[in-house]
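Open the model in your viewer and keep the selection tool ready. We will go from the whole chain down to single residues.

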Amino acid sequence: MRPRRDAAPTAPDARAQASATLGKARSENFPVAPSFLPRAWRDGLMAVYGYARLVDDIGDGDLAPGGHDAVLLGLDPAAADEPLAMLDALEADLHRVFGGPGGSPRHPLLQALRPVVRAHGLTPEPFLGLIEANRQDQRVTRYATYGDLLAYCELSANPVGRLVLSLTGTGTPERIRRSDAVCTALQIVEHVQDVAEDLGRDRIYLPAEDMSRFHVTEADLKAHHAGASVRSLVAFEAERARDLLNEGTPLVGSVHGRLRLLLAGFVGGGRAALRAVTAAGFDVLPGPPKPTRSGLLREVAAVLRTAPRKG
């Protein structure tokens, strides 16, 4: 780990870094913290999103240029290009959120997370899971089996849904199980959309056993457009994601009010993304097919109509 610099960024620099990260919420497949939610929920969801987005940006090498995030975490700016060092520094800052040694958190996104953690009694485990998933991304670039991919999603995606349930005080074993299905589905949808982008980072999240089954090679994934075998493989993985979304949909019917709308947004966002992939003929190699706003709203409405109500 590189030594800490003497000079720290100015407060406006820190605020700008945090704002840029939070701004990425607009590009997600689902609404992160829509305005119809209570202010406390919105603040909590955006704090959790900011943390999760920062972790992913570190792991994916997508931090803003200039090394400001590294400086905020107490490292030399050049450490921004060293994901493992950055993740270690972020984990140390996360422990400060939970009262660990070193005083207050250094990064503004973790400073914003601290009151949310205290107000809702959140535990470190889901936050640490997200860091570990991104560490795994530095070591593992191919997944042999679907089971291996599910284990990765347990770290990379499922903690977010569990945090949503904790923030809203609605976590039960059954809801957590349904939430895990939805979150894993959303992660697989993202992998399906981003095949070309992931390959540019030398990562393939399509299980090797499935690639073999459909006679798809890595060279096939480098083409400008998908051939028949790649399209069949993408359709297969998309159907898996759809099945998981269907498994998780009863979660929407198990809650009430505005939380029901939020969770319908998550499920509907996944379904809209899958519909966009289908509309593209499962050719994801030119770039990720994205749902339209009207398509998203239609899917959310469909989820609200069909999700079985409980309680």
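**Stop 1: the whole protein**

Keep in mind that this is a predicted model. Show everything as a cartoon. How many helices and how many strands are there? The protein has 16 helices and zero strands.

The accessible surface is about 13700 Å². Carbon and sulfur atoms account for 54% of that surface. Of the 311 residues in the protein, 51% are buried.

Think about contacts next. Take those between residues at least 6 apart in sequence. Of these, 70% join residues at least 24 apart.

**Stop 2: the nonpolar core**

Select Tyr51, Leu90, Phe127 and Leu221. These are the residues with the most contacts inside the largest nonpolar core, which has 85 residues. Which helix gives this core its largest share? Select residues 257-279: this is helix 15, and 10 residues of the core come from it.

Stay with Leu90 and show its neighbours. Leaving out residues up to four places away in sequence, Leu90 touches Tyr51, Leu54, Val55, Ile58, Leu73, Leu110 and Ile131.

**Stop 3: helix 9**

Select residues 173-193, which form helix 9. Check its length with the distance tool. At 1.5 Å a residue, its 21 residues should span 30 Å. The C-alpha atoms at its ends are 30 Å apart, so the two values agree. Is helix 9 mostly covered or mostly uncovered? Mostly covered: 16 of its 21 residues are buried.

**Stop 4: the loop between helix 10 and helix 11**

Helix 10 covers 195-200 and helix 11 covers 208-213. Select aspartate 202 in the loop between them. Most residues other than glycine have a negative phi. Aspartate 202 is not a glycine, yet its phi is positive, at about 60°. Its relative accessibility is 41%, so aspartate 202 counts as partly exposed.

Now select arginine 203, found in the loop between helix 10 and helix 11. Is arginine 203 buried or exposed? It counts as buried because its relative accessibility is 6%, and the cut-off for buried is under 20%.

Show the side chain of arginine 203. One of its polar atoms lies 2.8 Å from the backbone oxygen of glycine 59. The arginine 203 side chain also makes a polar contact, at 2.7 Å, with the side chain of aspartate 60. Beyond residues up to four places away in sequence, arginine 203 touches Gly59, Asp60, Asp137, Gln138, Thr141, Arg142 and Asp198.

**Stop 5: histidine 215**

Move on to the loop between helix 11 and helix 12 (218-221) and select histidine 215. Histidine 215 has a positive phi of about 60°, although it is not a glycine. With a relative accessible area of 67%, histidine 215 is exposed.

**Stop 6**

Cysteine 153 counts as buried, at 0% relative accessibility. Cysteine 183 also counts as buried, at 12%.

Technical notes:
Residues are numbered from 1 along each chain as its sequence is written. This is a predicted model: local features need pLDDT of at least 70, side-chain atom pairs count only at pLDDT 80 or more; totals for chains, interfaces and linings use all residues. Side-chain values use heavy atoms; hydrogens and water are left out. Helices (H or I, at least four residues) and strands (E, at least two) are DSSP runs, numbered from the N terminus. The expected span of a helix is 1.5 Å times one less than its number of residues. Buried means under 20% relative accessible area, exposed over 50%, partly exposed in between (1.4 Å probe, protein chains only). A nonpolar core is a set of buried Ala, Val, Leu, Ile, Met, Phe, Trp, Tyr and Cys residues joined through side-chain atoms within 4.5 Å. Contact means heavy atoms within 4.5 Å. Accessible areas come from the Shrake-Rupley method with a 1.4 Å probe; for residues, only the protein chains shown count as cover. A polar contact is a pair of N or O atoms within 3.5 Å; within protein, one must be able to donate a hydrogen and the other to accept it, and residues adjacent in sequence count only if both atoms are side-chain atoms.
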